[in-house]
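Please look over the sequence and the structure shown here before reading on.

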Amino acid sequence: MRRRITVGVIGDFNPQYDSHRATNLALRHAAIRLEASIDVEWIPTPSLEKHVEGKIDKFDVLLCAPGSPYRSMNGALNGIRFARESNRPFLGTCGGFQHVVIEYARNVMGFVDAQHAEEKPDAPLLLVTPLSCSLVGKIEKIKISSGSRAFEIYGKGESEERFNCNFGLNPAYREMMEEAGLRASGFDQTGEVRILELPNHLFYLATLFVPQMTSSEQRPHPVICSLLEAASKFQESRQHRNTRL
């Protein structure tokens, strides 16, 4: 019997966005490779402004999709926080990466006023700022740190990835963020952060690039495959917890 994986996609689905259509396809590509059945449900960000657990606890994995600014920034942040605190397998891509930064800054580092320059460009505490050069539609080579979860996923120290963004982690806060536990594990050729991860989490990865955009049924993206593979470990841990109860 094929195992079933339920995926909750945090984001405001728009069929006109290539990255949104690619997200659905990439998840199915990975499921085919893993010989698993998959149910994908998009979760509008306004629905996560209150009572988050009751709306997303049913999912085996969570993915925060591209497409920011979201209809509700707080809703997106609440969904990301739930994944981080519940040890739920999680991937944030593009806008998801950016909001991982904001969520961690506010709720772990204590920067409760941390903001995103796309939303509030004049805010005094900007953790996400414009990139030195737009990456919309560009392909860029990424260097991956050995010993990281990202290196384990790729099995090598570099990859070429497709981007669709203008904003990233403010370099002034990188060291402080790593000291607080959110590790930078992928970089562009100048050293700017492109991948973030939580080493002690079951699976918690954020990529500024959009792995969904380069996935195919013949070559599903390793990051998406690894996200779904983590679902098995989460299902086992949840079953064990329920048995104990």
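Contact here means that heavy atoms lie within 4.5 Å. With that in mind, and remembering that the model is predicted, a reader may begin with histidine 20, which touches Asp12, Phe13, Asn14, Trp42, Pro66 and Gly67 when residues up to four places away in sequence are not counted. Histidine 20 counts as buried because its relative accessibility is 0%, and it is found in helix α1, which covers residues 18–34.

Helix α1 itself has 17 residues and reaches 24 Å from its first C-alpha to its last, which is close to the 24 Å expected at 1.5 Å a residue. Its buried residues are Ser19, His20, Ala22, Thr23, Ala26, Leu27, His29, Ala30, Ala31 and Leu34. After the helix comes glutamate 35, whose phi is positive, near 55°.

In the structure as a whole, the count comes to 12 salt bridges. One of them joins glutamate 41 to lysine 58, with the closest N and O atoms 3.2 Å apart. This pair links distant parts of the chain, for glutamate 41 belongs to strand β2 (residues 37–43) while lysine 58 lies in the loop between α2 (52–56) and β3 (61–64), 17 residues apart. Glutamate 41 is partly exposed, with a relative accessible area of 37%.

Another salt bridge is formed by arginine 84 and glutamate 85, whose closest N and O atoms are 3.6 Å apart. Arginine 84 counts as buried at 15% relative accessibility, whereas glutamate 85 is exposed, with a relative accessible area of 52%. Both belong to a network of salt bridges that links Arg81, Arg84, Glu85 and Glu103.

Turning to the aromatic rings, a search of the whole structure finds four aromatic pairs. In one of these, the rings of phenylalanine 111 and tyrosine 173 have their centres 5.9 Å apart and their planes at 70°, so the pair is edge-to-face. Phenylalanine 111 sits in the loop between α4 (95–107) and β5 (115–116), and tyrosine 173 in the loop between β9 (167–169) and α6 (174–179), so that the pair links distant parts of the chain, 62 residues apart. At 21% relative accessibility phenylalanine 111 counts as partly exposed, while tyrosine 173, at 17%, counts as buried.

Phenylalanine 163 and phenylalanine 209 form an aromatic pair that is also edge-to-face, with 5.8 Å from centre to centre and 75° between the planes. Both of these phenylalanines are buried.

What remains is the nonpolar interior. In soluble globular proteins, nonpolar side chains tend to be buried together. The largest nonpolar core of this model has 82 residues, of which Leu127, Met177 and Leu228 touch the most other members. Helix α7 (residues 222–244) gives the most to this core, with seven residues. Methionine 177 touches Val101, Tyr104, Ala105, Met109, Leu127, Leu169 and Leu182, again leaving aside residues up to four places away in sequence.

Notes: Residues numbered from 1 in each chain as written. Predicted model: local features only at pLDDT ≥ 70, side-chain atom pairs only at ≥ 80, totals over all residues. Heavy atoms only, no water. Core = buried A, V, L, I, M, F, W, Y, C linked by side-chain atoms within 4.5 Å. Buried < 20%, exposed > 50% of the residue type's maximum accessible area, 1.4 Å probe, protein only. Helix = DSSP H or I, 4+ residues; strand = E, 2+ residues; numbered from the N terminus. Phe/Tyr/Trp six-rings, centres within 6.5 Å; stacked < 30°, edge-to-face > 60°. Expected span 1.5 Å × (residues − 1). Salt bridge = Lys/Arg side-chain N within 4 Å of Asp/Glu carboxyl O.
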